[in-house]
Amino acid sequence: MDNVLLDQMVLHDGTLDSSKLASRETLYVGRNGKAVERFVVDPDDNRSFIFKPLTNLETIGRESWVYQNLLPHIPARYPNLLAQAKHRDAERYWAIYEDLGKLEHRFDRDTLIKAAAAIPSWHQLPLECVPEDFTGHTPNTDNILNEVKAKMGVLKSTLERLAFPAYLIERAQRIVLELDDGLLSEMTVSHGDYHPLNLSLRNDQITILDWEYVHLNSVYWDLYNLLDITSPNYRRPEVTASLRNEVLQVYYARRLQLGWSSRFCTFQKNYYRYALIHSLWIMTLIEKDLQAGVVDRSGLLEQQQETKAIIMDILLEENEIRV
């Protein structure tokens with residue numbers, strides 16, 4: 001089926017035309033409430049497609065740009081872009097991708113290792129590859145650091161209420177106060193949303209989805225999404241300290257093969273500091289949402305416990321690294 005026929009499957013309002021489909025199935029709902037769907041046109045054709053409306057108004061056209069300008073330079077598996085809206089109306093914008101079949105989004109060791117080994121293929125690209133006005137879904141690190149510093153009193157009270165050890169609270173405060181924008185010293189081309197729900201491992205090959213948040217960010221942002229970011233919308237199995245360090249070592253070794261120059265202990269310690277700042281920041285967001293009552297409370301409380309465990313693990317590991 002060519003792109004012209006696929007175009008005809010979408011109504012003027014940017015939704016699928018059920019009258020032309022043999023079947024349709026909702027896969028997930030994006031941040032703006034719009035559904036990503038699998039659909040079949042001809043039941044005898046044995047092919048299905050993925051329909052993706054714009055799930056973030058700020059990223060209109062970006063994934064198409066990435067497919068044309070960036071992905072040809074990245075040796076990674078991703079679904080092919082088959083058709084897209086010709087207009088720039090964000091409310092009606094859509095894209096259609098090939099369907100790679102049922103994808104399993106796992107948090108296991110093999111997925112994390114394969115995913116970490118893939119990251120350097122875009123981290124090594126020249127920064128000029130990506131327009132500077134491309135942004136992610138999270139503030140940059142210096143803004144997050146400043147916000148965490150300003151809210152350390154609130155964070156201290158939150159951690160005390162969660163029975164966080166006093167000596168670790170003091171360690172967290174010391175690290176936060178001593179940090180500057182040095183964590184921004186290396187910027188890279190970033191996938192931008194590199195958590196395991198956008199990854200799938202099949203036949204020993206990693207498939208990477210959802211490139212709409214590509215932008216320039218810290219070398220640690222994709223790794224943090226892979227290893228330690230939390231969400232109220234899904235439960236993240238524990239990443240042990242040994243697995244976290246193994247993943248960092250895999251990434252580091254691959255970057256060295258591609259010509260990078262860095263000492264592992266420095267890279268490792270800075271990752272832990274970066275992860276600490278961002279996890280403390282997430283803790284402030286959880287507290288804010290709990291007080292506002294705008295999100296499912298049970299999911300927030302589970303996210304809070306996961307983030308607490310990550311912060312504790314990070315502080316213990318960071319203290320053991322000698323630079």
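Predicted model: local features only at pLDDT ≥ 70, side-chain atom pairs only at ≥ 80, totals over all residues.

Residues are numbered from 1 along each chain as its sequence is written, and side-chain values use heavy atoms, with hydrogens and water left out.

H3 covers residues 109-118 and H9 residues 241-257; their axes lie 8 Å apart at an angle of about 30 degrees. Here axes are lines fitted to C-alpha atoms, for helices over the stretch in contact, and angles run from 0 to 180 degrees between N-to-C directions. H3 is therefore roughly parallel to H9 (under 35 degrees; over 145 is roughly antiparallel, 65 to 115 roughly perpendicular, and the rest oblique). On the H3 side, Arg109, Leu112, Ile113, Ala116 and Ala117 meet Leu243, Glu246, Val247, Val250, Tyr251 and Arg254 of H9, where contact means heavy atoms within 4.5 Å. This contact has 8 nonpolar, no polar and 3 charged residues; Ala, Val, Leu, Ile, Met, Phe, Trp, Tyr, Cys and Pro count as nonpolar, Asp, Glu, Lys and Arg as charged, and the others, Gly among them, as polar. Helices (H or I, at least four residues) and strands (E, at least two) are DSSP runs, numbered from the N terminus.

Now turn to H10, residues 264-292, whose axis comes within 9 Å of that of H5 (residues 141-150), crossing at roughly 60 degrees. H5 is therefore oblique to H10, and their crossing is left-handed. In H5, Thr141, Ile144, Leu145, Glu147 and Val148 meet Tyr274, Ile277, His278, Leu280 and Trp281 of H10.

H6 (residues 152-161) also packs on H10, with axes within 10 Å and a crossing of roughly 80 degrees. The two are therefore roughly perpendicular. Leu155, Thr158, Leu159 and Arg161 of H6 make this contact with Leu280, Met283, Thr284 and Glu287 of H10.

Finally, what about the space inside? The count comes to 1 cavity of 30 Å³ or more, a cavity being a set of points on a 1 Å grid over the protein atoms alone where a 1.4 Å probe fits but cannot get out, with lining residues having an atom within 4 Å of a point. The largest cavity holds about 120 Å³, and among its 15 lining residues Leu54, Glu63, Tyr93, Ala95 and Tyr97 are the closest to its centre.

Notes:
1 Å grid on protein atoms, 1.4 Å probe; cavity = no way out; pocket = protein on both sides within 12 Å on 5 of 7 lines; lining within 4 Å. Points joined across faces, edges and corners; volume = space filled by probe spheres on them. Left-handed = near helix turned anticlockwise from the far one by under 90°.
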